[in-house]
Amino acid sequence: MATNLKKNLRIALVAFYVVAGTYHFINPAFYHGLIPDYLPFPRMINYLAGGIELMLALGVAIKKTRSIAVIGLVLMLVVFIPSHVYFIRIGSCIENSICVSPWVAWFRLLIIHPLLILWAWAVKD
């Protein structure tokens with residue numbers, strides 16, 4: 001992959017996860033309904049997820065920790081899959097949060113989520 005393209009993908013990835021991680025703290029209510037009801041302590045899970053996203057974004061930005069941070073992002077995205085399945089199972093609509101057509105939720109799970117994993121892997125050194 002061309003060096004400039006890889007660098008730009010890396011910068012965009014870091015920015016994406018800084019924004020995503022920060023949003024867990026700015027608007028935690030948005031995420032609470034996305035956390036499966038069988039998991040305890042949804043507030044703590046939300047803040048933990050946001051903090052991990054921020055730490056992994058920082059890890060990707062630093063060359064020395066990039067490879068392990070990318071692996072962390074991939075693992076995190078895999079861990080988030082049950083949340084996507086849960087969202088589909090409850091009808092792709094959470095009161096006072098996000099409500100989309102079922103096909104959008106399926107697209108997010110089957111297309112967007114794997115692309116996020118590939119994007120992370122693409123910036124690994």
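Here is a quick tour of this chain, from its overall build to its cores and rings.

This is a predicted model, where local features need pLDDT of at least 70, side-chain atom pairs count only at pLDDT 80 or more, and totals for chains, interfaces and linings use all residues. Residues are numbered from 1 along each chain as its sequence is written, and side-chain values use heavy atoms, with hydrogens and water left out. The chain has six helices and zero strands, where helices (H or I, at least four residues) and strands (E, at least two) are DSSP runs numbered from the N terminus.

**Overall build**

- Reading from the N terminus, the elements go α-α-α-α-α-α.
- Along the principal axes, the C-alpha atoms fill a box of roughly 45 × 30 × 20 Å.
- Of the 125 residues, 34% are buried; buried means under 20% relative accessible area, exposed means over 50%, and partly exposed lies in between (1.4 Å probe, protein chains only).
- The accessible surface comes to about 7,600 Å², with 73% of it belonging to carbon and sulfur atoms; such areas come from the Shrake-Rupley method with a 1.4 Å probe, and for residues only the protein chains shown count as cover.
- Among contacts in the chain with a separation of 6 or more, 66% are between residues 24 or more positions apart; a contact means heavy atoms within 4.5 Å.

**The nonpolar cores**

- The largest nonpolar core holds 16 residues, and L13, Y17, V60, L73, M76 and A120 touch the most other members; a core like this is a set of buried Ala, Val, Leu, Ile, Met, Phe, Trp, Tyr and Cys residues joined through side-chain atoms within 4.5 Å.
- Two or more residues of this core come from each of α1 (3-26), α3 (42-61), α4 (66-79) and α6 (102-122), and α4 gives the largest share, with six residues.
- Setting aside neighbours within four places in sequence, M76 is in contact with Y17, I52, E53 and L56.
- There's also a second, separate core of seven residues, including F87, I88, I94 and L109.

**A look at A57**

- A57 is found in helix α3 and counts as buried, at 2% relative accessibility.
- Apart from neighbours within four places in sequence, A57 is in contact with V14, Y17 and V18.
- The C-alpha atoms of A57 and G21 are separated by 8.7 Å, though the two residues are 36 apart along the chain.

**Rings and a charge**

- The count comes to seven aromatic pairs; rings of Phe, Tyr and Trp (its six-membered ring) pair if their centres lie within 6.5 Å, with planes under 30 degrees apart counted as stacked, over 60 as edge-to-face and the rest as tilted.
- F25 and Y47 are stacked, because their ring centres are 5.4 Å apart and their planes sit at 20°.
- That pair links distant parts of the chain, with F25 in helix α1 and Y47 in helix α3, 22 residues apart.
- F25 is partly exposed at 40% relative accessible area, and Y47 is partly exposed at 33%.
- F30 and Y31 make an edge-to-face pair, 5.1 Å centre to centre with 85° between the planes.
- F30 counts as partly exposed at 22% relative accessibility, whereas Y31 counts as buried at 15%.
- Ring pairs also link F16, Y17 and W119 into a cluster.
- The charged end of R108 sits over the ring of F87, 5.6 Å from its centre; the rule asks for NZ of Lys or CZ of Arg within 6 Å of the ring centre and within 35 degrees of the ring normal.
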